[in-house]
Amino acid sequence: MALSFDAAPVPVRDDIRQALPNVWAAIGKPGTWLTAEERVAIAAETRHAYGSDCALCAERKEALSPYAVDGEHDSLGDLPTAWIDIIHRIVSDPGRLMEHWYEQVTTNVLPDTKYVELVGVVVCTVGVDTFCRGIGMDAPDLPTPQAGEPVPETPEHLNRELAWVPTLDPHHDGPLQKEFFPGGPPTAAHIRRALTYVPATARSFWEMANTLYLNGQQMRDFDNEYRAITHAQIELVAGRVSALNQCVY
Amino acid sequence: MAFAEAAIGTDTAALDAARARVVEELGPEGLCDTAAIAALFNAIDRVADSTGIPLEEEKASLTETMREQLGINSFGRHGMEGMGQAAE
């Protein structure tokens with residue numbers, strides 16, 4: 001059954017009611033580099049990793065270095081073992097992901113294109129599930145994978161120095177730049193660039209993010225409040241979650 | 001704060017209690033918006049950490065003193081890799 005907030009225990013804002021079901025359904029469609037089956041399996045493993053008592057994840061979280069601990073994850077087993085490790089690391093200990101790990105993964109496990117798309121599916125799953133859990137709703141059923149092949153797309157004008165992953169270079173005048181950085185380079189915050197190597201992945205993530213948070217103009221407009229909670233309350237929650245996730249960005 | 005912690009955790013009882021408190025204090029619309037923020041940052045933190053995007057220079061500059069005072073730089077990737085450099 002598709003994600004719906006019709007029976008949600010609290011009123012859900014109209015933009016969230018529209019966006020999150022779109023984002024969730026998109027996981028079940030063929031992606032840019034990943035098949036629909038792979039995407040749904042990634043979502044399933046993400047959910048499993050988040051809610052399980054994976055002993056390997058727990059041991060790594062306690063270890064001085066998560067890279068010094070080997071073993072097998074408590075997994076659903078529907079993906080290659082190395083993909084499962086990527087998902088579990090992103091879910092359980094994201095703050096200690098390292099560039100050398102990323103380089104090893106994209107050299108030996110899957111290309112950077114599929115890695116970025118995998119990250120997109122993981123984070124959209126985390127976002128949707130956390131929201132549902134937060135308002136007291138059961139997690140939505142996983143989408144049914146739809147038939148079809150991935151539709152590859154590699155953007156022109158990539159920057160390969162900013163981050164571990166290639167990102168769209170905001171200093172070119174192209175349709176993707178207009179879409180993701182509508183105000184030009186000054187609006188190209190690094191987080192806005194992070195998933196742009198796979199435009200459809202970035203598109204889906206920002207469809208979710210722009211409704212859960214505030215858009216750029218609203219975020220900076222401290223003279224007006226756009227939510228049932230204030231800017232200060234928003235940033236308090238945001239800061240606390242980020243601190244718990246050990247996200248230094 | 002308790003809701004933020006509970007929303008990203010797995011303790012159902014703690015979340016139920018925190019949710020009830022949020023509804024009492026902020027109303028059902030407040031719960032929706034608070035859950036939305038917790039959800040987004042639970043996701044977007046992982047975007048940042050998985051892709052290796054650095055902090056923007058202007059943000060680093062604005063927060064330099066605060067980060068030094070709080071010792072936050074030691075948690076940056078360069079600090080953790082033992083290079084002794086401040087997180088960018």
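Let me begin with a term: by a polar contact I mean a pair of N or O atoms within 3.5 Å, where within protein one must be able to donate a hydrogen and the other to accept it, and where residues adjacent in sequence count only if both atoms are side-chain atoms. What we have here is a predicted model, in which local features need pLDDT of at least 70 and side-chain atom pairs count only at pLDDT 80 or more, while totals for chains, interfaces and linings use all residues. Residues are numbered from 1 along each chain as its sequence is written, chains are lettered from A in the order in which they are written, and side-chain values use heavy atoms, with hydrogens and water left out.

I start with Asp93(A), which sits in the loop between helix H4 (81-92) and helix H5 (99-108) of chain A, helices being DSSP runs of H or I, at least four residues, numbered from the N terminus. Its side chain makes a polar contact of 3.0 Å with that of Arg96(A). Asp93(A) counts as buried because its relative accessibility is 10%, the cut-off for buried being under 20% relative accessible area with a 1.4 Å probe, protein chains only. Leaving aside neighbours within four places in sequence, Asp93(A) is in contact with Arg60(A), Lys61(A), Pro66(A) and His88(A), contact meaning heavy atoms within 4.5 Å.

Now to the interface, where 45 residues of chain B are in contact with 57 residues of chain A. The area buried between the two chains, that is, the accessible area (1.4 Å probe) lost on putting them together, summed over both, is about 4800 Å², and carbon and sulfur atoms give 71% of this. The rule finds 2 salt bridges across this interface, each requiring a side-chain nitrogen of Lys or Arg within 4 Å of a carboxyl oxygen of Asp or Glu. Arg13(A) forms a salt bridge with Asp33(B), with the closest N and O atoms 2.8 Å apart. On the side of chain B that touches chain A, H2(B) gives the most, with 27 residues.

Finally, the nonpolar cores, meaning sets of buried Ala, Val, Leu, Ile, Met, Phe, Trp, Tyr and Cys residues joined through side-chain atoms within 4.5 Å. The largest has 93 residues, of which Phe5(A), Tyr115(A), Phe131(A) and Phe205(A) touch the most other members. The largest share of this core, 16 residues, comes from H2(B). Not counting residues up to four places away in sequence, Tyr115(A) touches several residues, including Trp101(A), Val165(A) and, from chain B, Ser50(B).

Notes:
Helices (H or I, at least four residues) and strands (E, at least two) are DSSP runs, numbered from the N terminus. Buried means under 20% relative accessible area, exposed over 50%, partly exposed in between (1.4 Å probe, protein chains only).
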